[in-house]
Amino acid sequence: MGNNGGDIRDVLIENCQFWINRRPDGTLVDRELQQKWRNTGENGIDIKQVNPNGSVTIRGCEFHGFRPTVRGQNASGANGVALTIHMGSNNITVDACRFYDNTTAISVNKGVGKFPPKNIVIRNCLIHNNKNVGVMVGKASNVQLVHNTF
């Protein structure tokens, strides 16, 4: 979500599921994809360059099964983060979401953009059983984690 112009504003994503179908051992359920991509990955949502006067709210969503991309996969090179907030994103609220079985649940960081994200609220989320970390905050400002369960 986002573009070079930063025109993203006033978006609501609610009660959605973002997932890659995996067995408990981490292998893909689709045998053909498993053979072709081994550990297929991307991001569930990738937010960048939200208009400073706009906002994005993600509410009541579920994210699971995200892994790093592999060589030859037609993807951007994501590292298995379910929700990425970067590149100057502003005024983002993540509320009452569930994150599990991802490499990383949420990443808030500057990324390759010129400006770090700011005014980020992550609240009332259930974040569990991820491979590396639940929430990773790098270069960003005014990031609030409120009433989450890890």
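In this predicted model, the side chains of His64 and Tyr100 make a polar contact at 3.3 Å. His64 belongs to strand 5, which spans residues 62-64. Is this histidine buried or exposed? With a relative accessible area of 15%, His64 is buried, because the cut-off for that class is under 20%. Asn102 lies 38 residues from His64 along the chain, yet the C-alpha atoms of the two are separated by 5.5 Å.

Four strands, paired in parallel, make up an open sheet with the order 3-6-9-12. Strand 3 (45-48) and strand 12 (133-137) each have a single partner strand, so they form the edges and one side of each is left without a neighbour in the sheet. From one strand to the next, the twist averages 5°.

Within this sheet, strand 6 (residues 81-86) pairs with strand 9 (residues 104-108) in the parallel sense, over four bridges. Here Thr84 stands opposite Ser107 of strand 9.

Strand 9 also contains Thr104. Which residues does Thr104 touch, not counting residues up to four places away in sequence? The partners are Gly80, Val81 and Ala82, together with Asn132, Val133 and Gly134. Thr104 counts as buried because its relative accessibility is 5%.

Conventions. Residues are numbered from 1 along each chain as its sequence is written. This is a predicted model: local features need pLDDT of at least 70, side-chain atom pairs count only at pLDDT 80 or more; totals for chains, interfaces and linings use all residues. Side-chain values use heavy atoms; hydrogens and water are left out. Two strands pair if DSSP finds at least two bridges between them. Helices (H or I, at least four residues) and strands (E, at least two) are DSSP runs, numbered from the N terminus. Axes are lines fitted to C-alpha atoms, for helices over the stretch in contact, and angles run from 0 to 180 degrees between N-to-C directions. Buried means under 20% relative accessible area, exposed over 50%, partly exposed in between (1.4 Å probe, protein chains only). Contact means heavy atoms within 4.5 Å. A polar contact is a pair of N or O atoms within 3.5 Å; within protein, one must be able to donate a hydrogen and the other to accept it, and residues adjacent in sequence count only if both atoms are side-chain atoms.
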